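Biologist: Please take a close look at one part of this structure, the sheet together with the ligand site beside its elements. I would like a single connected description, with the criteria stated.

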Amino acid sequence: MEEIVRISCVKHVYPDSTEVHLCGLDFVVRKGERVVIIGPNGSGKSTLLYHILGLLSSNEGSVRVFGQDPAHDYDRIREKIGVVLQNVEEQIIAPTVEEDVSFSPRNYGYPEHGVKDLVDDVLRELGISHIRHKICHYLSGGEKRKVALAGALVLKPELLILDEPFEGLDPMSRRELVSLLNRLCEKWGMSVIMSTHDINVISQMADYVYVLGQGGEILVMDTPADLFTRTEYYRQARLDFPILIELFRLLKEKGLAIDMPLDVKDAAEQIERLAGMVGHPHP
Ligand code: ADP
Ligand code: MG
C-alpha cells in the first residue's frame with residue numbers, strides 16, 4: 001500500500017524552548033488507513049499534525065507527505081488534504097454556510113456550476129443541506145463542526161486530518177461523526193489521521209493507533225485489538241482504559257477464559273459463550 005505520510009524523529013522547539021521530540025518510532029500512514037493518535041494533553045498530538053500540514057517546520061528530523069516536505073511545498077499537496085483543526089470557530093470564515101463551504105473550490109478556480117455541484121454533494125453527504133443559507137455565526141457548536149468538516153471534505157480529499165474532532169460533541173453527535181467518517185473512508189478510499197484523548201474511539205474507527213507519551217515520544221503503534229492487550233502503554237501514556245477493557249481485565253484476573261473484546265458486540269458474544277458454558281437450563 002502506498003505510503004502517504006512519514007514523520008521521522010522530528011524535534012520541535014517552541015519559542016519558549018518547550019521541546020517536543022516526535023521520536024521512538026516513525027509515524028507512518030498508508031493510503032486508505034484510518035490512524036488515531038492518542039496521548040495525554042500536551043504530549044504533542046497537535047504539534048505532529050501541524051508538521052504534516054506544513055504549519056510548523058523543524059531543522060531536525062524529516063516529514064514527508066505525498067512525497068513532499070510540507071513545510072516548503074504544501075501548495076503542491078494542499079488539494080489532496082482536508083483539515084479540521086481544534087478551534088473550529090477560527091476556521092469558518094465566510095458569513096453563510098454555503099459561502100464558507102464554497103471557499104476552497106472557488107479558490108482553486110472551479111467554474112461556478114462545478115462549485116455548486118460539489119457543495120450540494122457534500123452538504124447532502126453530511127446531512128446539513130437544510131442550513132446552507134444560515135449565518136454561520138448563529139449555528140450551534142455541533143453544526144459549526146459539521147460546516148468546518150464540509151469545507152474540509154468538499155474537494156473529496158485523499159487525506160483528512162482532524163485535531164480532537166469529538167471535543168464538545170454530545171454522545172449522539174459523536175457516534176454520528178464516527179459513522180460518517182467510516183462511510184466516507186470506505187466510499188472514497190480516503191485516509192484519516194485523527195488526534196484524540198477519547199480512547200473509546202479507537203475500536204470504532206482505527207486501523208492503527210499511535211500512542212504518544214510526554215514530550216512527544218511515540219511509545220507504540222498497534223492495531224486496536226493488540227493495543228488492548230498491552231495495557232502497560234495506557235499507564236505510560238497516562239490514559240484510562242476503555243471501561244469495557246477494564247471490566248474484561250478484571251474478569252481475566254479472576255480466571256475467566258476471555259479475550260480482550262474489540263467492541264461491545266464482541267464482549268456480548270464472549271459473555272454469551274461463557275454463560276452457555278455455565279449451562280443453567282431455563283426453567
Ligand atoms: P497536544 O495536542 O497533545 O495536547 P501540543 O502539541 O499542543 O499537545 O503541545 C505539546 C507541547 O508543546 C506542550 O507541552 C505544549 O505546552 C507545548 N506547546 C504547544 N504549542 C506551543 C507554543 N506555541 N509555544 C510554546 N509551547 C507550546
Ligand atoms: Mg492538541
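**The sheet and the ligand shell**

Modeller: Strand E4 (residues 34–38) and strand E8 (residues 191–196) run parallel and are joined by 5 bridges; Ile-38 has Thr-196 of E8 as its bridge partner. This is a predicted model, in which local features need pLDDT of at least 70 and side-chain atom pairs count only at pLDDT 80 or more, while totals for chains, interfaces and linings use all residues. Residues are numbered from 1 along each chain as its sequence is written, chains are lettered from A and ligands numbered from 1 in the order in which they are written, and side-chain values use heavy atoms, with hydrogens and water left out. Helices (H or I, at least four residues) and strands (E, at least two) are DSSP runs, numbered from the N terminus, and two strands pair if DSSP finds at least two bridges between them.

E4 and E8 belong to an open sheet of 6 strands with mixed pairing, in the order E6-E7-E8-E4-E9-E10. Its edge strands, each pairing on one side only, are E6 (81–84) and E10 (218–222). From one strand to the next, the twist averages 15° (axes are lines fitted to C-alpha atoms, for helices over the stretch in contact, and angles run from 0 to 180 degrees between N-to-C directions).

Helix H1 (residues 45–52) lies across E4, E7 (159–163), E8 and E9 (208–212), and runs at about 150° to E7. Helix H6 (residues 141–153) also packs on the sheet, where it touches E6 and E7 (contact means heavy atoms within 4.5 Å); the direction of H6 makes about 165° with that of E6.

A polar side-chain atom of Lys-45 lies 2.9 Å from an oxygen atom of ligand 1. For Gly-42, a backbone N or O atom is 2.7 Å from a ligand 1 oxygen atom, and for Gly-44 the corresponding distance is 3.0 Å. The protein buries 63% of the 560 Å² that ligand 1 exposes when taken alone (accessible areas come from the Shrake-Rupley method with a 1.4 Å probe).

How values were computed: Polar contact = N/O pair within 3.5 Å; in protein donor to acceptor, adjacent residues only side chain to side chain.
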